[in-house]
Amino acid sequence: MTTLLSILFEPGVFASEPVRTAAAIGAAAAIVSGVVGVFTIIRGQSFAGHALADVSSAGGSAAFLFGLNPLLGFVGMGVLAATSMELMRADRASERDLVTGVVTGAGLGVAALFLYLDMTTSSTTGAAVTIMFGSIFAIPTSLVMPALLVGVGTLVAVGALYRPLLLCSLDPDLAAVRGIPVRLVGLLFLIVVALAVALSAITVGAILSTGLLIGPAAIALRLAKRPGLAILLAAGIGVAATWGGILIAYDSYEWTGGHGWPVSFCIVTLIFVAYVVVVQTGLGRERGRQPQRPRVTKTSAFSVR
Amino acid sequence: MFEDFMVNTWIAATMVAVVAGIVGFFVVIRGASFAAHALPLSAFPGAAAANLMDVNPLIGLLVFSGLGVAGVSQLTRHGRRDLATALSLVMLLGLGALFLSRTTEYFQAVYALLFGQVLGVSNADLGPVAMLGALSVSMIVILFRPLLLSSVSPELGDASGVSARLMEVLFLGIVALATAMALPVVGALLVFSLMVGPAAAARALTDRPLGAILISAAIAVVTVWAAIALSFVSDWPIGFFVGGLSALAYAAGRTWAWAGALRL
């Protein structure tokens, strides 16, 4: 038994300070992403969820340049992008993906600029890699408290919005009839997504945070019928994948002779394999709104008019 | 700006812009901006893998964008398209993180692959760019009518014997080809700006598909030319200007459409 345990958990895994920090922050990011992810999928906004992570990396690179707290950069840019996506959004749902795409393109352009300036001023060519891919084992302890605060704030916001948000997500017309400000709820929700994504961008890196946001929630929505249950399940799956990934990454230093696998790769692989298994075995079916295709009729053909 | 070492840049970027503008028209009418974003981004680890294995990066890009197309179309069979896209993207990026962890000499190249490196396009690079571009444009020309029908109304397409599933896979294949072509020049993150911004603006200007395709390609070319010139003058990265100008083109298109609605 002891040998089995020591095979599973390399000696020292629990004593290591970076591992403990990674496990705490990673779990927080996974819980927040799982909860927010369920609504993201129900609302058919997975592109926006991914895009906000990409765009918030522009804030990360700006913070890097000006020596600010990186969390501030990620969150600030994410909120800015979320607001502009929601404000520029036309009334037609089909236009939403386009607006998301255009805002993302502009945000990534800004990221390109800041990363370039990072490289020329500090001559650290690794900035792009650090910001885009992140490293959960290299989180400075000074970041733990603010990150946890953002996480708690996000969960409180989801809790406060829960009922109107659920109604707006499932049936916007009914919500409007009941007098719920659908667009305001949409804006607030997207800001919440930006916060969640900023948090996971710091832990697993900007472009892999999509894995934590979409993966566990997608699996949970296939397995659970009720939204409340799906949320709990998504958070649980996210935490399990994160801890499992951290463990595998830590252990892999042993098997691979010092060439450990990156933790983000391990987490994402666990999530992806789980999703493929659930999808291919046909467990449950996906709920929520599929993003609509642009409706093209003769009159509205290709114009926005 | 037009020195010898810049000539190849202008040629390559113009070809990329034309192809992106044309492919972008279908991206916009199919509402496939997520796929157009995800395929280039998930192709980019291919270049890192190729670098590790010492093969031509273009092969790596083609293999990985092929994997992206396979992942998206396979997972879409049993699930939602946006989730299939997101998870395939994330898995391929995870592989990218794995390959990147094997080398540290590659960091500069990562920036170039994500955000573009238009300077230093060699004569040898032009051949593949032209070939892949020609391939994706000719696929569009051959498939034009069924693809258009299936994009505008998948149900009508299915009824007239045009399989919506087949068209989806072929369309993703076209995007993948355009991706592999454009990625080394404008970078993974901005191929997508070029596909979405100009085409969305063009859609606001005309109702006719052919006209929209031509306008889209023209706007893309102008965007890229202006971006190269501005980048040359300011010494800032080209990606910044491509992203910003594409967004401006889209905003201008929206404004034009809005002003048109007011006139009516």
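1. In chain A, 76% of the contacts with a separation of 6 or more join residues 24 or more positions apart; two residues are in contact if their C-beta atoms, placed from the backbone, lie within 7 Å. The model is predicted, local features need pLDDT of at least 70, side-chain atom pairs count only at pLDDT 80 or more, and totals for chains, interfaces and linings use all residues. Residues are numbered from 1 along each chain as its sequence is written, while chains are lettered from A and ligands numbered from 1 in the order in which they are written.

2. Overall make-up of chain A. The chain has 12 helices and zero strands, and its pattern along the sequence is α-α-α-α-α-α-α-α-α-α-α-α. Helices (H or I, at least four residues) and strands (E, at least two) are DSSP runs, numbered from the N terminus. Of the 305 residues in chain A, 53% are buried. A residue is buried if 20 or more other C-beta atoms lie within 10 Å of its own, exposed if 12 or fewer, and partly exposed in between, with C-beta atoms placed from the backbone.

3. The contact between the chains. Chain A contributes 57 residues and chain B contributes 62. On the side of chain A that touches chain B, the elements giving two or more residues are α3 (46-66), α5 (94-122), α6 (127-133), α10 (209-223) and α12 (263-280). The largest share comes from α5(A), with 17 residues. By class, this side of chain A has 32 nonpolar, 21 polar and four charged residues. Here Ala, Val, Leu, Ile, Met, Phe, Trp, Tyr, Cys and Pro count as nonpolar, Asp, Glu, Lys and Arg as charged, and the others, Gly among them, as polar.

4. One residue of α5(A). A:V110 lies in helix α5 of chain A. A:V110 counts as buried because it has 22 C-beta neighbours inside 10 Å. Leaving aside residues up to four places away in sequence, A:V110 touches A:A58 and B:F240. The C-alpha atoms of A:V110 and A:V55 are separated by 8.4 Å, and the two residues are 55 apart along the chain.

5. Helix α10(A). This helix has 15 residues and spans 22 Å from its first C-alpha to its last, close to the 21 Å expected at 1.5 Å a residue; the expected span is 1.5 Å times one less than the number of residues. α10(A) is mostly covered, with 14 of its 15 residues buried.

6. Packing of α10(A) on α11(A). The axes of α10(A) and α11 (residues 227-255) of chain A come within 8 Å and cross at roughly 130°. Axes are lines fitted to C-alpha atoms, for helices over the stretch in contact, and angles run from 0 to 180 degrees between N-to-C directions. The angle therefore makes α10(A) oblique to α11(A): under 35 degrees counts as roughly parallel, over 145 as roughly antiparallel, 65 to 115 as roughly perpendicular and the rest as oblique. The crossing is right-handed; a crossing is left-handed if the near helix is turned anticlockwise from the far one by less than a right angle, and right-handed if clockwise. The contact residues include A:L212, A:P216 and A:I219 of α10(A) and A:A230, A:L233 and A:I237 of α11(A). The contact of α10(A) with α11(A) has 12 nonpolar, one polar and no charged residues.

7. Helix α12(A). With 18 residues, α12(A) reaches 26 Å from its first C-alpha to its last, close to the 26 Å expected at 1.5 Å a residue. Its buried residues include A:V263, A:F265, A:I267, A:F272, A:Y275 and A:V279.

8. A helix pair in chain B. α2(B) and α8 (residues 164-186) of chain B pack at an angle of about 50°, with axes 9 Å apart. These two helices are therefore oblique to each other, and α2(B) passes α8(B) in a right-handed crossing. Among the residues that meet are B:A35, B:L39 and B:F44 in α2(B) and B:L172, B:V175 and B:L183 in α8(B). The contact of α2(B) with α8(B) has 11 nonpolar, one polar and no charged residues.

9. Positive phi in two loops of chain B. Most residues other than glycine have a negative phi. B:D54, not a glycine, has a positive phi of about 65°. B:D54 is in the loop between α2 (33-53) and α3 (57-76) of chain B, and counts as exposed because it has 6 C-beta neighbours inside 10 Å. B:D235 also has a positive phi, near 70°. B:D235 is found in the loop between α10 (209-234) and α11 (238-263) of chain B, and with 9 C-beta neighbours inside 10 Å it counts as exposed.
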